[in-house]
Amino acid sequence: MPDAAHAVGLALRLTTPTTRAAFTDILNRLAGRHAALRTAIVTGAAGEHARLLRVDRELARPVLRWTDMPGDDELDAADRLRRLLEPPFDLANPPLWRFELLDAGARGQVLAFGAHHAVSDLQSLLLVAGELDAELSGTSLGAAVTNRDIDLLIEAQQTDDTPGEGVTAWREAFQGSDRLDLTLARPRPATRSYRAGSVSVTIPDGLMERVSAAASGLAITPAAFCLGTLTVLLARMRQKERFVLAVPVDTRIHADAYDAVGFFGVPVPFPAEAGAGERIERVLRRTDGRLDRVLAKGAMFSDVLSTLARQGLHRANAPLVEVYFNYVRSAAGRLAHLEVLPAGTGYSDLDLMITMTPDAGRIRLDHNLDILDAATSVELGEEFLRLLAEAADDPTAAVRSTPGTAVEATPVTRTTSGTTVEVPEGATEDTRPAPRRSLALAATFALGNLPLLCEAAVEEGARDGGLTVAEAPYHQVLAALRDPSGVFADPTAAVGVALLRAADLERFGPVDDVLLAELRTAFPAALRAVSERTRKPLIVGFLPSAHARDRFARWEREIADELAEVPGIAVLRPDDWTRCHAVEEPFDERTERIAHLPFTPHFQAAVALCLADVVRAVRRPAPKVIAVDGDETLWGGVAGEIGPEAVDLTGPRALLARRLLQWRAAGALLALVSNNDEATVRAVLDRPDSLLKAEHFSVLSATWGPKSGRLAEAARTLGLGPDSFLFLDDNPVEIAGVRSALPEVLSVTCPPSAELGAFLGRLWPLVPAAATAEDALRARFYEQERDRDAVRAQAGFEEFLAQLELEVDIRALSGADVERAEQLVRRTNQFTLRARSADGGDLGRWRERGEVWTAAARDRFGDYGQIGLLALRADGDQLDVLAWLMSCRALGRGVEERLLRWLADRADELGCVKVRLTAERTPRNVPARRLLAALGGGDQDDERLETVVTPEHLRAFRSWRRG
């Protein structure tokens, strides 16, 4: 077998360029954190068959190979990855990892990297990609040298070498297995070449949400649903009922080693079974049950090796197990500075390895080129997607209509970005209902009727039909938080809830202080991780106990205090549940004793009502601007009367300031609207003990006059609608005035200091974390905008545009861009050609119907971030613009003209001689209608505007020269 068949690798495009020195430092820190990069495989003293791991503290050789690519050299990521990993590894000479950065200057940078399988697995590559992405963003992950990963590897894979419970029955499950012999493109040669190709297929938007919803209905995991569906597909294709697949067991789960790098992914044979007359749902449930057995600690390939040999599966020129299925949940689908490229190592000892990465929206098929080719592999992947869609819609269908006869289906072929996917006839993305959103719920105690009560309470008054509660397994809160296929990771989950009681930790045995201290670290770490990974609101509730013990109460209090300031997490304490819903007797000792159900029905109802209040609050659209009064609101006292140095900035006032800073970090803008002279206000903000400074406010209005007028002026200054404002003031008269003049502003009376803490808890149970890089940069953008305004005031408009040194980067939408793109679709209401659809599926439909491009902009004052989306479809000699959205902060500075010129160039590339733009009137899209009217599409107040123009007309258009 070629050495390259023992390697795993990835290729990544850097969307943010780096330098040799900076990237070398990043990799050196990576090698310090992860011992796998410093590990050698050496022969032990016991003889040549004894292999040992040797971990060096420092590497004798550099980790990075930096290659400058001349302008005429093709930047072929797949070829470079194959060439990087082809040379044999010297196992005794680390690093057994290779990194090559290909620097092509203006054409971009590509990183090819990989490792020998003895020190890595696919999940390790994705973890490394995630850490590289974080470091490229400027977040240093530390340089301390540690061998922690090796310790965790030993813990995860250490067994007592005795057969596990039920091993005999497990071996019987493999009896009667046949070979699949996937000779779909050509016969198998007598001698294996081990050459492999790699293709990727795009998962249609919305499919994994449908799969997750269907899996939840069957009480199985999405991974089991996908593996079971693959079993059905192979059974149909090869007319077999029993065969053997292999799945990787990520042994990280046995040592809480979810961020560890190394060979943790142990391949284990899996008995696939799909009887011809069975329903698909039975296959899916059986698959889920057998996966539980595979995931048990100590499961090994050797457990069933002799059983497989007795089935006659061995062939000298073929792998014993032909198909390998890997379901990977990873942050690689949300990389900000890296994009995963479709590239393989070029070698494999398998016939087919199918890797599903739902977070990245891709299926990768690495295939044996002796018997499969790219076309048949893509066709197999697309057929798998079609069957997934069918099974999600109707899992009661038969595996095959009769034994030996494949189920007939009349598919409808639909083209998606990159592939052609078949879906059941009559089903379309436009007509298929979106899966109902869920509330992921885990508790340390039995839930009883709480899930049903929560569903009813959340549904009361909900405009979107409420939420379906998805329960984690009883008592398994930590496992549910860490499970990459669990209820918290489910794409349909809109919000997560974890209910904790320290007393429950002793339900199945005593918990000493050492273990309690370990759990004190483990729980908040897991809660933080799931919040950061999912970017969904997370509610952590601490429930009361009938017999509270001091050390448990202290444990709960310390975790609650730690999480209270974490963006994206809301904390409810034991006294919060009955603050608004009084309950005479919360505890039921009888049901707790017999069923671990600690609470009375009345208290369960109070918990459900309290949770519903918080769920509605955290799902409420976030304000874009928070305007706040000064005297008796942001600070205690009247600054003009007692002096700036005497006002109170402590206690609840400091809490309000911290919350406002958290909102600013999450992307909200702050405005200070105070009835004071500006010098007095600035003197307060300049105090050393003031958390908020003048530069934190995008608008600082310190004067006298109606606050409604000053808020309207702030809206004009920021280019935002008043309906995106939240206004806080302690004076009911001021609040009434703003409500009367600007009813679209959410105006809220701020209570006295004694009530301020509880008020903020109700108003903002949590402050969201910044969802995108653009959110984190938003406040800085408005600071830069003031500098632009100063230049604009001193120059004519064309001179101003020239002085901006504007750069616009337009590229095809990638997986890393999707989150921001969806945010643009949700938030953009001014420069958009039409209203967004109610089902939220616009982006998926645009990608299905044509091509989607994203635009980012920067000028000499700063970075605007990703500010635009264009969806296009070529129809003969005409290029139709399906959608054009732009952030309002990019308007009026030449970006529109740059995009029009790019549209003209794209039309030329596609052979189109004309470009059609249409717009439909909405209450807010005047800027978009104004542009179309200027292009000859009609009057800007028409209900519908349409223009068909030549590329030359688009290139010549200048909005500021009209009239």
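Buried residues are those under 20% relative accessible area, exposed ones are over 50%, and partly exposed ones fall in between (1.4 Å probe, protein chains only). The model is predicted, so local features need pLDDT of at least 70 and side-chain atom pairs count only at pLDDT 80 or more, while totals for chains, interfaces and linings use all residues. Residues are numbered from 1 along each chain as its sequence is written, and side-chain values use heavy atoms, with hydrogens and water left out.

Turning to the cysteines, a disulfide is a pair of cysteine sulfur atoms within 2.5 Å, and the count comes to 0. For Cys580, the closest cysteine sulfur is that of Cys610, too far for a bond at 7.1 Å.

Salt bridges (a side-chain nitrogen of Lys or Arg within 4 Å of a carboxyl oxygen of Asp or Glu) number 61 in the structure. Among them is the pair Arg252 and Asp121, whose closest N and O atoms are 3.1 Å apart. Arg252 lies in the loop between strands S8 (242-250) and S9 (265-273), and Asp121 in the loop between strand S6 (109-116) and helix H3 (122-136), so the pair ties together parts 131 residues apart in sequence. Here helices (H or I, at least four residues) and strands (E, at least two) are DSSP runs, numbered from the N terminus. Both Arg252 and Asp121 are buried.

Another salt bridge joins Arg282 to Glu278, with the closest N and O atoms 3.4 Å apart. Arg282 is exposed at 54%, whereas Glu278 is buried at 12%.
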